[in-house]
Amino acid sequence: PELHRMRGEAPSRCLPPPRSRCTVAPEDPRRHGTGVKEPAAPPVPPLAVLSLGVVAMSTGAIFARMAEAEPLAISFWRCAIAALALAPLGAPRAPRELASLGRRDLLVLGLSGLFLALHFATWIQSLEHTTVASSVLLVNTGPLWTLLLAPLLTHDRPGRGARLGALLGFAGGAVVAGGDLALSEIGRAHA
């Protein structure tokens, strides 16, 4: 505070940190007239966007299974419709952002698109060979594989909670797989 007075500055107020350095508390523009603006409220409530995303993810496999088209066509139209729905949100910034990308960025972007196409094509094809529940379960095991491979590839050690979560995830997968196996045996017995 003494140093601030010597410079003619107002002392900063510090928030009590949990074992870290002091951070400067934001000034209230109405009280001090500093001109600092509070962040604007999002145009759509985040909970509404999250809910819409959960509904879309939860029903995507069911609609893909009901579609009377080839897996690649379903994949294409799924991505095309999503791109059209999101285009108005990204179009104003897209030209500027694309122009700022370097050659390596464009290569990574192209490879990402290729792997996304491969993901959708194989996942939608899997809906013809197993139940929707098994297909969705398998396609969402990415975090489990990351947890298993991280110690080998990045030498990161998962915490106790992550290990417990992985065990629960694998247990849930075993329950779904067991149910599918029982259903397929019942189907063979009746055939």
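Which elements each supply at least two residues of the lining of the second largest pocket? They are α6 and α7 (132-139). The model is predicted, with local features requiring pLDDT of at least 70 and side-chain atom pairs pLDDT 80 or more, while totals for chains, interfaces and linings use all residues. Residues are numbered from 1 along each chain as its sequence is written, and side-chain values use heavy atoms, without hydrogens or water.

The secondary structure comprises nine helices and two strands. Helices (H or I, at least four residues) and strands (E, at least two) are DSSP runs, numbered from the N terminus. The order of elements from the N terminus is α-β-β-α-α-α-α-α-α-α-α. The chain has 191 residues, of which 12% count as buried, that is, under 20% relative accessible area with a 1.4 Å probe, protein chains only. Its accessible surface comes to about 15,500 Å², by the Shrake-Rupley method with a 1.4 Å probe. Carbon and sulfur atoms hold 70% of that surface. Contact means heavy atoms within 4.5 Å. Among contacts with a separation of 6 or more, 45% join residues 24 or more positions apart.

The largest nonpolar core consists of A61, A64, I74, F120, W123, I124 and L127. Such a core is a set of buried Ala, Val, Leu, Ile, Met, Phe, Trp, Tyr and Cys residues joined through side-chain atoms within 4.5 Å. The largest share, three residues, comes from α6. L127 contacts A61, A64, R65, V132 and S135, leaving aside neighbours within four places in sequence.

Pockets were located on a 1 Å grid over the protein atoms alone, as open sets of points where a 1.4 Å probe fits, with protein on both sides within 12 Å along at least five of seven lines; lining residues have an atom within 4 Å of a point. A volume is the space filled by probe spheres set on the points. The largest pocket holds about 500 Å³. It is lined by 17 residues, with A56, M57, R78, I81 and A82 closest to its centre. Both α3 and α4 (71-90) supply at least two lining residues. By class, 14 are nonpolar, two polar and one charged.

The second largest pocket holds about 180 Å³. Its lining comprises M57, R78, H119, F120, W123, V136, V139 and N140. The most, three residues, comes from α6. Five lining residues are nonpolar, two polar and one charged.

Technical notes: Buried means under 20% relative accessible area, exposed over 50%, partly exposed in between (1.4 Å probe, protein chains only). Ala, Val, Leu, Ile, Met, Phe, Trp, Tyr, Cys and Pro count as nonpolar, Asp, Glu, Lys and Arg as charged, and the others, Gly among them, as polar.
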